[in-house]
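Subject: Structure handover

Hello,

Please find the structure below, with the sequence. My notes on what was found in it follow.

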Amino acid sequence: MLLTHFRRFLRFCNKNFKIKSKINNFTDKRKKYQIPLANIFLSMLYSSLLDYPTFLSKDHLNREPFFKKFLGCKRKMIASDSTLFRNLSNNLCDKEIEEINICIAKKIENILINPVLNKRCGIMDGSGFGHNLYEVLFIPGKIDLILKFNKISKKGTELNSANILLKDTKDNFGTGFFDL
């Protein structure tokens, strides 16, 4: 049953966002690898949608036969929790992920309106992931979406990074995209 929902969701994403072709064309910075980067990304995406919040819970999901079958993995598991963490913090190209997020946001603008406030809100905050620091622009709506993010070279440069994110958002969506 769950596999059927996954397939429907993947068809929806492919039809509306061309996500599969974008993911298959991700730049892989690794020299030698056994696990396709697309499988690592999809594992993180789907496990988050299924509300597996920790890397350990994602590790357990990656061992489930239905999940391995869904991603076409013949290994014992799709990827371990340490592989997920290492690849997400070092190997994914930020701009490729942002392109997908912006495409999604443009197609579902009405869903990004916060149902409590009845406004489209933007939340900006700095955060650490692995050994990296990021400034993140987050939209809490009927679904939550990380719209854009920017890698920060060192602490104390968050305001410059936030300014860049806001200018990029204005270039992509025009003025007035956010109500709050």
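At 25% relative accessibility, Asp168 counts as partly exposed, a class that lies between buried (under 20% relative accessible area) and exposed (over 50%), with a 1.4 Å probe and protein chains only. The model is predicted, so local features need pLDDT of at least 70 and side-chain atom pairs count only at pLDDT 80 or more, while totals for chains, interfaces and linings use all residues. Residues are numbered from 1 along each chain as its sequence is written, and side-chain values use heavy atoms, with hydrogens and water left out.

Salt bridges

Asp168 pairs with Lys148 through a salt bridge of 3.9 Å, N to O. The term stands for a side-chain nitrogen of Lys or Arg within 4 Å of a carboxyl oxygen of Asp or Glu. Because Asp168 lies in helix α8 (residues 158-173) and Lys148 in strand β3, this pair ties together parts that are 20 residues apart in sequence. Helices (H or I, at least four residues) and strands (E, at least two) are DSSP runs, numbered from the N terminus.

Lys148 itself is buried, at a relative accessible area of 3%. Lys148 also forms a salt bridge with Glu98, where the closest N and O atoms are 2.8 Å apart. That pair links distant parts of the chain, 50 residues apart: Glu98 is in helix α7 (residues 94-107) and Lys148 in strand β3 (residues 144-152). Both Glu98 and Lys148 are buried.

The structure holds 4 salt bridges. One of them joins the side chains of Arg63 and Asp59, at 2.9 Å from N to O. Here Arg63 is partly exposed, with 37% relative accessibility, whereas Asp59 is buried at 5%.

Surface

Val116, Leu117 and Leu180 make a nonpolar surface patch of about 340 Å². Patches take residues with over 30% relative accessible area and no salt bridge, joining like charges within 9 Å and nonpolar side chains (Val, Leu, Ile, Met, Phe, Trp, Tyr) within 5 Å. Areas come from the Shrake-Rupley method with a 1.4 Å probe; for residues, only the protein chains shown count as cover. Leu180 sits in the segment after α8 and is exposed, at 59% relative accessibility.

Confidence

The protein has a mean pLDDT of 78, and 89% of its residues reach 70 or more; pLDDT is the predictor's confidence in each residue, from 0 to 100. Among the elements, α8 has the highest mean pLDDT (87) and helix α6 (residues 81-90) the lowest (71).

Regards
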